[in-house]
Amino acid sequence: MFLPIKPVCIRPRKDGTSIIHLQYCYSNEQKTMLDTKITIPVECWDKENLCIKQNLPTSFGTSKELNETLSIQLRLAEDVISFAIKRNIPDRGKFVKKYYSPDLDIYALSEIVQKNEYYLKEQKEKGNSKTNLDIFFQIDDYIQSKTKKVCKDMPRIYRNMKDHLLEFQSYRGEAITFDCLDLSFYEELVDFLSYEYVQKRRNQKIVGLKINTIGKTIKQFRTFLRNRIRKRIIPPIDMDGWSILEEEVDAVYLTWEEIRLIQHVDLTRYSHLEDYRNDFVLGCLTGLRFSDFSRLDEYDLRGDMLYKKQEKSDHWVVIPLRSVAADILMNRFKKNSPSHTNAEFNRHIKTIAKLARLTKPVKHSYKKGNRDVVEVKPKHEWITSHTCRRSFCTNEFLAGTPVELVMKISGHKSVKDFYKYIRITPEEAGQKIKELWLQRGQMDVLI
């Protein structure tokens, strides 16, 4: 059992601020300090309760959000320490200091550590030249081979697939091997993910995954197996019946009026949210994914057109810029604003939408196993970075822009995929048809 780790704020700088560190005591005499990258005025630190006080100046953010971030960082550091303990790494302090960082993907840690002296030493001692047919060794090899060939988010999806399989192996109490992969295995895996899998890193216990999440795991597992088969590492496997589960999910989009409310919301007291608001509006005006609109640079801008090679699809799109979008980009380049993580973007945009009073209750439903789950939350709680892209496609569709032109900008390769993004109410559909009838002069076709 490792010694205590706690947040501290004990090193004031000349300007009166201090970085919050995580102090990890890994022996009675030794400790290490981990930088959380969170900076606050020293007097805003509550030494007794080890948290940020509510009197935090708004220029630093809100105490609630920063305390939540600090809590996440504390759990992340504990996960790194647990990793070191489970692998009997002798100098845990040095190990944690080396590998902990606020943006660490804990599921990637094993892959990262494989490249250091521990992994190299272990492999050298084994000296085994035979093909290692351990399924999780092969998954790690697959992830490593794909990392430089796919978009930044894909390795995380691969690691999620691996995590689901590891949990299933633990649940069934029997090792997963290439020999046991048949239709029964597929059905048992789907049942486990639907009804038994406990979602990690949640404030409350949530059991079971959504249909589309399970479908994504099955899809990536099938792709991995076919890759190993093509490389002649394993013999062919009969995956007939391994269907990819999928359902059409409810999702919100924002009208132009709602986007305008977000654009003009008063953020005087929340200046740290301005860049997030501007990026969100930019996404709604361009239809780009978060991975693309958050990483634009001056070379992507040519006159009043945006040229961008989409990270996910490796597909070039050319997007005309409305004046507001052009202004946002020019200000971003001028300020040299830093890029944000998707998680912090999603958290802050909900706050911004709430300030813009987008609080109308919205009901969504989805399947978990064979159950219909219904949730009702204020609209701002449903908004994410993906809302930008969905809003762009839906608003252009409602405005009458030909679908094939919208697809050229959004980068969708099939009409079927494009229409998954369209979210209109029955009233909007009826009004759209009425407008088309008026344009054609068909309101009185039988008179």
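Start by selecting Phe290 and Phe345: both are buried, a term that stands for under 20% relative accessible area, with exposed meaning over 50% and partly exposed lying in between (1.4 Å probe, protein chains only). What you have open is a predicted model, in which local features need pLDDT of at least 70, side-chain atom pairs count only at pLDDT 80 or more, and totals for chains, interfaces and linings use all residues. Residues are numbered from 1 along each chain as its sequence is written, and side-chain values use heavy atoms, leaving out hydrogens and water.

**Aromatic pairs**

Rings of Phe, Tyr and Trp (its six-membered ring) count as a pair if their centres lie within 6.5 Å; planes under 30 degrees apart are called stacked, over 60 edge-to-face, and the rest tilted. Phe290 and Phe345 make a tilted pair, at 5.2 Å centre to centre with 50° between the planes. Phe290 sits in helix H11 (residues 290-293) and Phe345 in helix H13 (residues 342-355), so this pair ties together parts 55 residues apart in sequence. Helices here are DSSP runs (H or I, at least four residues), as are strands (E, at least two), and they are numbered from the N terminus.

There are 18 aromatic pairs in the structure. For another one, pick Tyr186 and Trp242: their ring centres are 5.7 Å apart and their planes at 20°, so this pair is stacked. Tyr186 is in helix H7, while Trp242 is in the loop between helix H8 (211-230) and helix H9 (256-263), 56 residues apart. Tyr186 is buried at 6% relative accessibility, and Trp242 is buried at 2%.

Now widen the selection to Tyr142, Tyr158, Phe168, Tyr171, Phe178, Phe185, Tyr186, Phe192, Tyr197, Phe221, Phe224 and Trp242, which ring pairs link into a cluster.

**Salt bridges**

A salt bridge here is a side-chain nitrogen of Lys or Arg within 4 Å of a carboxyl oxygen of Asp or Glu. The count by this rule is ten.

Select Arg332 and Asp279 next; their side chains meet at 2.8 Å, N to O.

Go on to Glu396 and Arg322, a salt bridge with its closest N and O atoms 3.1 Å apart. Glu396 belongs to helix H15 (residues 386-398) and Arg322 to the loop between strand S8 (316-320) and H12, so parts 74 residues apart in sequence are tied together. Glu396 is buried, with a relative accessible area of 11%, whereas Arg322 is partly exposed at 39%.

Glu257 is partly exposed at 44%, and so is Arg260 at 40%.

**Charged patches**

Patch residues have over 30% relative accessible area and no salt bridge, and like charges are joined within 9 Å.

Select Lys6, Arg11, Lys31 and Lys97 to see a positive surface patch. Lys6 is in strand S1 (residues 5-8) and is partly exposed at 38%.

Then select Glu174, Asp182, Glu187, Glu188, Asp191, Glu196, Asp238 and Asp240, which gather in a negative patch. Glu187 lies in helix H7 (residues 183-195) and is partly exposed, with a relative accessible area of 42%.

Conventions: Patches are made of residues with over 30% relative accessible area and no salt bridge: like charges are joined within 9 Å, nonpolar side chains (Val, Leu, Ile, Met, Phe, Trp, Tyr) within 5 Å. Accessible areas come from the Shrake-Rupley method with a 1.4 Å probe; for residues, only the protein chains shown count as cover. Lys and Arg count as positive and Asp and Glu as negative; His and the chain ends are not counted. The place of a charge is taken as NZ of Lys, CZ of Arg, CG of Asp or CD of Glu.
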